[in-house]
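Open the model in your viewer and get ready to select residues. Each stop says what to pick and what is there.

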Amino acid sequence: MEGDWSQAAFWLAAGTLSGAVTCRGLAATSLQGDKAIASILTQMGGRLNWDAAQQELTAVPAATHGGVIPAADCPDLVPVLSVVAAVSAGTTRIVQAERLRLKECDRLAAMATELHKLGARITEQPDGLVIEGRPEGLDGGVTVSAWNDHRVAMSLAIAGSRCRQPILIEGSESVRKSYPHFWQDLAAVGGKVEQV
């Protein structure tokens, strides 16, 4: 079974924003819609390096910039892409994402609300988000909510890597839905994770 591009998206975003991360077992020929993370990050200035023989994709830190992200075919990427946009130069418009209002929670409202708490400049639209990036990073130092949504929780964890102060994520256990070992894996790659 090939690797899961949906879960790899969090690590590729982390590698782009914070420190090199290599994801193994990803098929370049995959038909998974969330494989779009590689092309979207590249379009935003990300630096991704393929080792096709080993089925490895490495993301290394890069100065990213905004753009327009159509999300109709990859809505599950929007939470983590909104994090990347929040610390990228310029303006990012995430469009065609109205389906996100019908997921485990209203993910557009969730990401707009929680990233705003972290100091992001983000505006919710009926079908997406408009984000004025802060390449210098976010403030942090607050408690945010995962909205009982695994993708929101993991995205906020990645945002935490670009905050000047630690953040507390309420509902962090929601990762159990799709990635029960996420917090252990985050710590293993150098993330500072404490359970309170």
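Start with Arg107, which lies in helix H4 (residues 107-117). Keep in mind that this is a predicted model.

Is Arg107 buried or exposed? Its relative accessibility is 1%, and buried means under 20%, so Arg107 counts as buried.

Now show the side chains of Asp76 and Glu104. The side chain of Arg107 makes a polar contact with that of Asp76 at 3.0 Å. A second polar contact, at 2.6 Å, links the Arg107 side chain to the side chain of Glu104. Leaving aside residues up to four places away in sequence, Arg107 also touches Pro79, Leu100, Asp149, His150, Arg151 and Val152.

Next, select the sheet. Its 4 strands form an open sheet in the order S4-S5-S7-S6, with mixed pairing. Strands S4 (68-70) and S6 (121-125) stand at the edges; each has a single partner strand, so one side of each lacks a neighbour in the sheet. On average, neighbouring strands are turned by 15° against each other, direction ignored.

Zoom in on S5 (residues 91-95) and S7 (residues 128-132). They run antiparallel, joined by 4 bridges. Pick Ile94: its bridge partner in S7 is Leu129. Bring H4 back into view. H4 packs on the sheet and touches S6 and S7. The direction of H4 makes about 160° with that of S6.

Last stop: the largest nonpolar core, with 63 residues. Which residues touch the most other members? Select Leu115, Leu129 and Phe182. Helix H1 (residues 5-17) gives the most to this core, 9 residues. Finish on Phe182. Not counting residues up to four places away in sequence, Phe182 touches Trp11, Met154, Ala157 and Val175.

Key:
Residues are numbered from 1 along each chain as its sequence is written. This is a predicted model: local features need pLDDT of at least 70, side-chain atom pairs count only at pLDDT 80 or more; totals for chains, interfaces and linings use all residues. Side-chain values use heavy atoms; hydrogens and water are left out. A nonpolar core is a set of buried Ala, Val, Leu, Ile, Met, Phe, Trp, Tyr and Cys residues joined through side-chain atoms within 4.5 Å. Buried means under 20% relative accessible area, exposed over 50%, partly exposed in between (1.4 Å probe, protein chains only). Helices (H or I, at least four residues) and strands (E, at least two) are DSSP runs, numbered from the N terminus. Contact means heavy atoms within 4.5 Å. A polar contact is a pair of N or O atoms within 3.5 Å; within protein, one must be able to donate a hydrogen and the other to accept it, and residues adjacent in sequence count only if both atoms are side-chain atoms. Two strands pair if DSSP finds at least two bridges between them. Axes are lines fitted to C-alpha atoms, for helices over the stretch in contact, and angles run from 0 to 180 degrees between N-to-C directions.
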